[in-house]
Amino acid sequence: MSYRNADEILPSDLLELIQQYVDGDYLYIPRKESRKRKWGENTAIKQELEERNTAIYEDYMLGLSMEELAAKYFLSEKSIQRVVYQKRRA
């Protein structure tokens, strides 16, 4: 997220009205509900995590222990358990 100068964007009368409430402070203006994006929509991370979790489950089904999986994937055993249980339910 980058900051933009309201002086350069907003009409002066609107800027003056906003300054009655917020003068010199940062103000976050949320996206409209219709323009919100889901987590991971802008990057490939969602797909990468799905592929990693599938690989974890496949290794588990091949007989690797939770401890071995945690070491292999650099995750805690609790995280490995969560992935395995989620994949098992799916």
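Helices here are DSSP runs of H or I with at least four residues, numbered from the N terminus.

**Ground rules**

I'm working with a predicted model, where local features need pLDDT of at least 70, side-chain atom pairs count only at pLDDT 80 or more, and totals for chains, interfaces and linings use all residues. Residues are numbered from 1 along each chain as its sequence is written, and side-chain values use heavy atoms, with hydrogens and water left out.

I looked up leucine 14 and found it in helix 2. Leucine 14 counts as partly exposed because its relative accessibility is 35%.

Patch members have over 30% relative accessible area and no salt bridge; nonpolar side chains (Val, Leu, Ile, Met, Phe, Trp, Tyr) are joined within 5 Å, like charges within 9 Å. Areas are by Shrake-Rupley with a 1.4 Å probe, and for residues only the protein chains shown count as cover. A salt bridge is a side-chain nitrogen of Lys or Arg within 4 Å of a carboxyl oxygen of Asp or Glu.

**Arginine 37 and the positive patch**

I then went to the charges. Arg31, Lys32, Arg35 and Arg37 form a positive surface patch. Lys and Arg count as positive, Asp and Glu as negative, with His and the chain ends not counted. A charge is placed at NZ of Lys, CZ of Arg, CG of Asp or CD of Glu. Arginine 37 sits in the loop between helix 2 (12-19) and helix 3 (45-61). With 45% relative accessibility, arginine 37 is partly exposed.

Aspartate 59 belongs to helix 3 and is buried, because its relative accessible area is 11%.

Leucine 69 is buried at 0% relative accessibility. Besides Asp59, leucine 69 contacts Ile56, Tyr60, Leu64 and Ile80, leaving aside neighbours within four places in sequence.

**Two distances**

I took two C-alpha to C-alpha values. Leucine 69 and glutamine 19 are 55 Å apart in space and 50 residues apart in sequence. Leucine 49 and glycine 63 are 21 Å apart in space, with a sequence separation of 14 residues. Leucine 49 is in helix 3 and partly exposed at 30% relative accessibility.

Technical notes:
Helices (H or I, at least four residues) and strands (E, at least two) are DSSP runs, numbered from the N terminus. Buried means under 20% relative accessible area, exposed over 50%, partly exposed in between (1.4 Å probe, protein chains only). Contact means heavy atoms within 4.5 Å.
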